[in-house]
Structures are given as C-alpha cells and as structure tokens.
Amino acid sequence: MPDIRQKIITINAQAFFNFCSKRPGEEKERFKLYLENYSLRRYVIKQEDEREDCALFYQFCKEIESVWRDKEKQSFKRTDKTLYDKLVIVDFGKIFQPLDKENAGAWKIENQKVLLNDSKDLVKNGFDMYFEGFENPVHMVAFDKSGSMSRNSRISFIDEDFYEGLNTRLNLGMDFSKISVIESKYYAYRGLYLSSSKRVKHPKFVINPETIVIIKDVRTKRDNPEMPVTRYNYEKKVPLATTEIKAVKDADFREVLQCNFQKPQIKDFEYVDIPFDGSGFITPEYASYINEALNIKGATSFQIRLPFMKGMLHEVDVHEFLETYNGKKGEQLYEDAFGIKRDLSKAHIFITESMFKGMKWIRQYLDSASDKATNMDPMVFYCDAMKKYDHALYISGTNLPYGNSQYTHLSYQMINTLHFTEGQFKRIVKRHCFFIQNPIEYLKDCEEMTVDDDNNNIQEEDSDTQENDEETIVVRQISNWKRALFKNSALKSDGYIKSQLKNVQKGLLTKLATGKLVVEGQNRYLCRDLLPLLASLLEDENVISKFWPKYRYFRFYLPVGTQSGCWEDLKLNCDSYYAFFRSPHLSRNEQVIMKRFEMTTEDLYADRVNYNSFKGHIELYDKYFKKLTGIVMVPRGSSAPLCLGGADFDGDLVNVVANQDVVEAVASGAYEAGNYLGYRTNRLVPYFKRTLPVIKIPTSKGNPVTIQKHVPFFHIQNTFSNRIGQISDAAIAIGQIEYERNQKLPSKDESGLVFTSNSPTCAKCTILTGLEIDAAKNGLHPDLDIVLKAGIDKSAYIIFLRDIEKLRGEEGYNLDNLSMTRKNIVGKRCLCVSAKNCKTQATFEIQDGGTYINELPLYFEEGLKQYKKKKETKRVQFFKYSKKISDTDKENIERFKLRCQGILNSYAFYVNKFCESKE
C-alpha cells in the first residue's frame with residue numbers, strides 16, 4: 001500500500017455545540033453536522049490537514065479494502081481522501097478543565113455544565129455528519145486517542161459501519177469481553193496505533209516466533225528465585241521524600257486523593273523491580289533492514305511500535321556476544337518470559353516483557369479459549385495474528401536527530417529552579433546573545449539540530465496526532481547554503497544566505513523570549529546500563545556472575561561518534577560532572593549531576609579497579625555499545641531516573657548538560673561538596689553527595705475491568721480533565737519565592753519542612769504532577785488546593801510568555817515588525833511588546849526579585865534592539881583579476897562573468913520561486 005497522506009478533519013467541539021445545538025424536542029436525537037453549509041463549516045471545522053501515516057490509518061484502509069472487495073468487483077485504490085468521510089478528530093479544548101468555582105462567575109459554571117452534558121451526549125451517542133454531495137449521513141462514534149491527543153483533549157471518531165471490523169484488527173482478533181484488563185493501559189496501548197510512525201517494509205525483515213523473542217526483565221537464579229542472575233545493585237544512602245495518599249470526598253462530593261507529605265528519610269535506594277523498563281535489542285542485520293526500508297543511514301536506536309508493544313530497540317551484536325561468552329557457535333538456548341526454550345541464534349528482535357503489555361492479555365485470552373488454544377505458544381498466536389491482519393513494525397523515532405550537536409537548551413522551568421549566581425546566569429545568557437549576533441558561530445557547532453527557525457508563525461498545536469516524524473526519525477541534513485557558507489565565509493553577504501542567517505537569528509531571539517537558553521550539551525534517549533541485560537541472555541549463570549564487576553555503578557556512559565571532542569573548550573576530564581534534566585521540570589529535586597565513564601590517563605584514574613581492568617571495561621562497552629550515539633546510559637541501580645520525574649527507557653529524552661556553570665548551579669542547590677583520596681593516587685578527587693531529597697511518587701493501580709464495546713465517557717473525562725498545566729504554572733510562581741536569587745539555602749531541618757509544612761512548595765508540585773498523570777489510569781485526581789489556592793499571584797513571566805505565544809500565533813505576526821516600549825501601568829514598570837497588524841500586546845511587569853527567568857524579557861528587549869540595527873556590508877566580489885593583464889583577456893573575463901552572472905540569476909530566480917524564504 002503506497003504512502004499517501006490522509007486528509008483529516010478536526011472539529012472544534014465547543015463551536016460544534018454552540019452552532020449545532022439541539023432544538024427543543026430534539027434532546028433524544030443525535031448531534032448533526034452539515035458540511036455543505038460553508039458558513040457553519042468555517043466556525044466548526046478547526047482544520048483540515050494532510051497527516052502523516054500511522055498504523056491506525058493503515059489498518060483502517062485495509063478494513064475498508066476488505067469491505068470493498070466483498071461488495072465491489074473492481075480493485076480498491078487508496079487516495080488522500082480514503083479516510084476523509086470515515087475518521088475525524090474532535091477537539092474538546094478546555095471543556096473538561098475544572099473551574100475554580102470560588103472565583104468563576106455563575107454563568108461560567110452553568111456554561112461548563114451544559115458543555116459537559118453535550119460532551120457526554122456526543123461520546124455516548126456519537127453524531128451524524130452530512131458530507132457534501134451525499135444524502136445519507138455518516139454516523140461517527142468515539143474511538144481511540146494517542147498520548148499527544150489526550151494531552152490536548154482530542155479523540156478520534158470513526159464511521160460506525162467499520163467499528164467492529166477495525167476493532168477486531170487492532171485487537172489481533174482477541175475478544176476483550178473475556179479478559180480483565182486495566183482500562184487505562186488498554187486505551188493507552190490502543191492509542192499507540194495513532195502514533196506518527198513509519199512502517200517497515202523490507203522482504204528480509206520477517207517477524208515470526210523464531211525472529212522475535214520476549215526476554216525476562218529480571219532473570220533470577222535457579223537455586224534462589226529471589227536473586228537476579230546479574231545480582232542486586234543499590235545506590236546507598238539516598239535521601240527520599242514521598243507522600244501517603246488516601247481517597248476522600250471533596251466539596252463537590254467527588255473522590256479525590258488527599259496527600260500527607262512525609263518527612264524525607266535517608267535510606268538505601270529501593271531495588272528497581274524493572275531496571276530495563278522499555279529497552280530491548282535488535283541485531284545489526286535487522287537494524288540494517290530498517291535503515292534500508294526507511295531510506296536512512298546510521299540509525300542504531302529505534303523507538304518502535306508493534307501491536308500492544310512499545311519501547312526502544314538498540315542495535316547490539318547479540319549473536320557475537322553469545323558466541324563469545326557461551327563459548328560456542330550455533331544453538332544458543334534461553335528460557336523466555338513465557339517459560340519456553342528459544343534458540344537465540346535465530347532471534348533478531350529482543351523485546352523485554354515490560355515492553356509487551358499485551359503479554360498478560362494474550363495469556364488470559366488463550367486460557368479462556370478452546371483446549372487447542374490453551375496449549376498454544378503465545379508467540380505463535382501473536383505472529384499468526386500479525387500476519388493475518390497485516391500488522392508490521394513501525395518506527396516513531398531514531399537516534400539520528402540526537403547526539404550530533406554541541407548544544408542543548410535550558411527551558412524557563414529549569415532556569416526557574418537552578419541555584420545560579422549572578423555571574424553564572426550572565427555568562428550563559430550572554431553566550432546565547434552572542435550567537436544571536438553571530439549566527440555562523442552557532443551553526444558551526446549545532447549542525448542544525450537545535451535550530452528552530454522562526455517562520456513568522458508559531459507551529460500550531462493542531463498536529464498533535466501526528467508529530468512530525470521526519471524530524472524524529474531522520475537526521476536533518478546540513479543545507480547546501482550552510483555547506484557553501486562554511487567553505488567560504490564571504491558568502492554571508494549573498495542575498496539568499498543572508499536571509500537564512502536572519503532566520504537563524506530570529507529563531508534564537510524567539511528562544512530567548514520564550515525561555516530557552518542555548519548551553520553546551522546534548523539531548524539523548526535515557527537508557528539503563530545495557531550490559532547486565534545483555535549478560536542475562538547467557539546460558540551459564542557462573543559466566544553471568546563474572547560480569548558483575550564490569551557494570552556501571554556511579555558513572556554514566558555516553559557513546560559518541562564524530563562529536564567526541566565537541567566540548568574541548570570546556571576542558572572536561574574524568575573528574576568533571578555533567579547535569580541531567582527532563583521536561584517538565586518543576587522543582588530543584590528533579591536535578592541530577594553525575595560523572596562520565598570514559599577513558600582517562602593512569603595518573604588521573606582514581607577508582608578501585610586497577611587501571612588495566614578499567615581499560616578493559618571501557619573497551620567492552622565500546623565494542624558492544626559505541627554505535628548507540630543517541631542514548632545516555634545510567635547505572636542499573638541509580639536514582640537518576642527517579643530524580644528525573646520517574647523517567648523510563650521507552651523513548652524518554654533527557655538534556656545532558658556539559659556547561660559547568662549549570663553543573664555548579666545544580667551542585668550548589670542539591671548537593672554537598674566534598675572530596676576523597678583516590679584509591680590509586682595521592683590526589684584529592686572531587687565528589688558531591690546529594691542532600692536534596694529524591695522524590696518518589698506513590699503509585700495506585702487501577703482495578704481490572706472488562707472492556708466495554710465503546711469507550712466510556714468517564715474514561716475520557718478522567719483523561720481530559722488533567723490540570724498539569726495549572727500545576728506547572730503554580731510551580732513557577734511558587735519558585736519566585738522559594739528559589740529567589742541570592743537566597744540562602746535551607747538547612748537540613750528546614751528542608752524537611754518543605755514537605756511536612758502546609759506551605760506550597762515546588763517539590764509538592766512535582767509529587768502532585770505525578771499523581772495527576774496517574775489519574776488518567778485510576779480516575780483519582782489529587783487535591784490541588786495546597787498549590788492552586790495558596791494565594792500566590794501568577795508569575796509575571798508566565799503571563800508574558802502566554803501573551804507572547806498568543807502574539808506569535810496571530811496570522812500577521814512577523815518578528816521584524818515587533819516593537820518594545822517601557823510604560824508605567826497603574827504605577828508598575830512594564831515592558832510592552834506589540835507587532836504591526838497584530839491585536840495582542842504582551843506585557844511584562846518588571847521584577848526586582850524572584851528567579852532569573854525575570855531577566856529574560858529584558859535580555860530579549862536588548863537582543864531585539866541589536867538585531868534591528870542595520871549593518872553595512874561590502875558586496876563580495878567573486879571575480880578579481882590582476883591589473884597586469886591584456887585587454888583581450890579582460891574582455892574574455894568580462895564575457896565569462898556575464899555568463900556566470902546569468903546562471904546565478906537564473907538560480908536565484910528559481911530558488912525564490914519554488915523555495916519560499918522563511919522571512
């Protein structure tokens with residue numbers, strides 16, 4: 001089936017209810033939408049876009065094709081409108097967002113009540129769509145939603161005629177009325193079919209019970225089932241903070257979670273039950289087939305989607321490893337997660353059981369089926385179903401966009417929490433401003449990986465079902481104009497190149513306004529130490545135990561390719577620390593620093609293992625994992641993933657920051673400095689001990705249920721009514737007081753009060769965010785009064801940021817037309833940003849204190865002034881000749897110049913004609 005982008009309609013639910021409301025007496029009828037009414041269409045249709053392919057679109061088209069073949073004699077042909085009248089997306093906007101009833105007006109409360117009732121009607125009964133040129137309506141019913149759609153309160157509706165058939169295909173033929181499942185997990189994994197991704201089509205890429213194997217998350221010893229074969233690994237004496245939760249009734253008699261925040265305790269880090277959650281392996285042979293199928297080169301880590309499976313596959317030569325350490329070629333036996341012996345020499349895809357959420361469901365289904373099915377190999381059932389319904393492996397991301405740049409960025413959330421000195425912050429922001437004035441210097445090192453060119457329009461959030469998979473799968477190539485510029489800097493005066501450099505400047509200026517500062521570092525996929533997982537595949541437990549001293553314990557491994565010396569100017573060595581961040585980032589507790597596992601000289605080496613053994617360990621990791629240039633490996637027992645908002649390893653991205661001003665800010669805010677005498681040297685080795693508690697968010701699992709025929713309204717309501725954005729904004733406001741610049745850090749006793757007092761704190765925001773995310777799984781939202789009703793005014797910067805986003809979203813927005821003025825508004829000093837032909841004005845109330853995010857609008861003001869200064873540049877002369885030359889040669893040169901100029905003019909004409917400048 002060819003790759004054709006489908007044209008999909010997105011409906012604005014609130015406008016739909018307003019303009020297509022039911023008349024008196026029609027309460028029991030369905031909502032109706034008449035697309036032939038163009039004036040109505042203008043208000044109700046939010047967008048009509050061509051969207052990237054995904055597994056759901058493919059399966060839907062296959063279902064349409066099967067129905068077509070039963071009815072029609074002619075062959076089925078897929079077009080860009082195959083799904084146009086069969087699948088739509090409904091955007092509920094802020095309908096489900098809870099109101100602050102104490103401050104909201106009575107009309108607002110009543111209006112939301114009406115909208116919620118209409119939404120319930122729409123989800124429960126569906127609606128009829130009348131397409132232009134067709135007399136009969138299409139009855140649309142609620143279907144699936146991706147994670148991105150859930151965050152933006154959107155869900156797909158499909159033609160009811162195809163509901164049952166498509167459901168069967170997506171569920172691999174399993175009848176879920178016979179299976180008890182956690183409802184949120186079921187819908188989350190069904191939503192994966194909507195993830196923007198590329199289908200792997202290659203004749204040699206075959207998925208069958210031999211080529212795909214489900215490996216154990218934790219393989220235990222035969223004589224001691226409690227002990228992992230790779231042994232335990234803890235991080236000792238880690239300060240931990242959490243909360244007790246219990247369900248209570250709120251003022252509206254709804255069940256909510258009440259938090260009893262606990263005093264931090266120092267104890268050994270609890271054993272990680274699923275240390276490799278989301279990580280698996282793929283052989284070089286099969287990795288090469290994916291590269292060929294997607295027409296890319298060099299991808300070694302793949303974010304994958306299979307029916308009821310998701311996670312990361314990392315290219316590792318598993319066969320070579322097994323042959324080397326099992327000491328034999330040919331058959332390599334392993335007992336998989338189903339307890340079945342498999343020959344790993346025939347396997348190419350190694351999926352951990354935590355990646356395969358359908359594993360328990362398939363077992364339940366086979367147990368409830370006939371006797372013949374009960375004894376069936378679950379992987380035979382799975383692969384047969386994949387073949388029957390034409391499923392395939394889909395790739396939603398690769399390592400290619402990551403690990404290539406010298407730079408990452410700090411978000412305004414990170415800046416808000418960092419314990420900067422004035423000098424540290426100034427150096428970072430001035431470096432960013434230097435790049436605005438000197439974009440070529442920035443481009444030389446970033447290789448375009450962190451450039452967000454400002455094309456005068458903020459990217460609409462409407463593309464939520466389909467994030468641009470090209471950018472997550474394929475490394476963006478260096479443009480020809482950049483290649484030419486790097487070879488000849490004089491070309492910076494060329495008209496086309498000049499406009500492109502201007503776009504880079506505008507992108508960096510926009511980053512400054514929206515709180516994204518460029519710093520040395522990289523974005524990487526987070527991953528646990530993969531060596532223990534690889535070693536657990538070996539046959540002999542005694543051989544596995546010999547790997548124990550070789551695992552990573554205190555340092556992270558960062559595989560590098562061509563960028564091995566990208567931070568040479570920072571003069572880092574084996575004693576240097578790096579900082580880790582992950583978004584969203586609400587509190588200082590979510591920051592981590594760690595040393596890197598890398599080759600060093602013997603005089604600097606200070607660990608317990610002797611130097612030659614250390615070199616052997618480096619060589620072992622480089623041999624099997626050096627290709628994985630888009631990941632960062634943290635130790636198996638490290639608390640780092642817990643620190644980073646409870647990150648897992650199925651595609652979570654982190655910022656690895658090498659900039660030492662940032663590292664020192666994290667160290668001073670969350671750690672205690674010290675040193676120790678090196679084991680094999682007399683020098684003192686710097687060391688940081690964590691003092692700020694690591695936050696552990698309590699989990700509450702949902703109860704297993706039988707899946708209803710249609711998605712229930714209460715599930716959608718629980719998913720769409722999250723208040724994560726409100727908590728994030730509250731954390732910024734609370735941080736203005738808690739993390740105010742130049743403020744003395746709290747003592748150990750005072751830091752305990754951060755959790756046990758009744759005061760709002762950023763750490764509590766971190767915990768409440770985790771519980772709010774889990775509410776989509778169990779339907780229990782936390783009581784947020786402690787942070788949302790604390791009487792703290794909204795941050796001036798957040799108000800400014802929202803205004804800037806709104807301004808950039810206007811149709812006539814152009815950064816070149818921005819103007820900034822300072823005014824006194826109601827006795828307050830304000831910075832006002834406006835743009836020609838735009839209605840919105842962004843206003844920032846200038847702050848004397850708070851955190852350093854309050855300085856960003858002021859630096860943006862100065863940066864915009866510098867950007868708008870006209871610079872006189874001499875026109876570059878491409879043709880020069882010596883004064884000592886004959887008149888004949890001069891005439892020949894002039895003729896040659898004219899011909900060359902004609903070619904250049906033609907090139908410029910077609911570039912301007914077909915390649916619009918982003919200005």
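Reader: Is Asp-652 buried or exposed?
Author: Asp-652 is buried, at 16% relative accessibility. Buried means under 20% relative accessible area, exposed means over 50%, and partly exposed is in between, using a 1.4 Å probe and protein chains only.

Reader: Before we go on, what kind of model is this?
Author: This is a predicted model, where local features need pLDDT of at least 70, side-chain atom pairs count only at pLDDT 80 or more, and totals for chains, interfaces and linings use all residues. Residues are numbered from 1 along each chain as its sequence is written, and side-chain values use heavy atoms, with hydrogens and water left out.

Reader: Fine. Which residue does Asp-652 form a salt bridge with?
Author: Arg-582, with the closest N and O atoms 3.2 Å apart. A salt bridge here is a side-chain nitrogen of Lys or Arg within 4 Å of a carboxyl oxygen of Asp or Glu. The two residues sit 70 apart in the chain: Asp-652 in the loop between α22 (640–643) and β28 (653–657), Arg-582 in the loop between β25 (577–581) and β26 (592–596). Helices (H or I, at least four residues) and strands (E, at least two) are DSSP runs, numbered from the N terminus.

Reader: And Arg-582, buried or exposed?
Author: Buried, with a relative accessible area of 18%.

Reader: How many salt bridges does the structure hold?
Author: There are 40. One of them joins the side chains of Lys-22 and Asp-121, at 2.5 Å from N to O. That pair links distant parts of the chain, 99 residues apart: Lys-22 is in the loop between α1 (13–19) and β2 (31–34), and Asp-121 is in helix α4 (residues 106–125).

Reader: What about burial there?
Author: Asp-121 is buried at 14%. Lys-22 is partly exposed at 22%.

Reader: What does Asp-661 pair with?
Author: Arg-427, at 2.8 Å between the closest N and O atoms. This one links helix α23 (residues 660–670), which holds Asp-661, to helix α14 (residues 422–437), which holds Arg-427. Asp-661 is buried at 13%, while Arg-427 is partly exposed at 48%.

Reader: Which residues are linked in a network of salt bridges?
Author: Lys-62, Glu-65, Arg-199 and Asp-390.

Reader: New topic. Where does Ser-536 lie?
Author: In the loop between α19 (531–535) and α20 (541–545). Ser-536 is buried, with 5% relative accessible area.

Reader: What does Ser-536 touch?
Author: Leaving out residues up to four places away in sequence, Ser-536 touches Arg-219, Val-229, Thr-230, Tyr-334 and Ile-544. Contact means heavy atoms within 4.5 Å.
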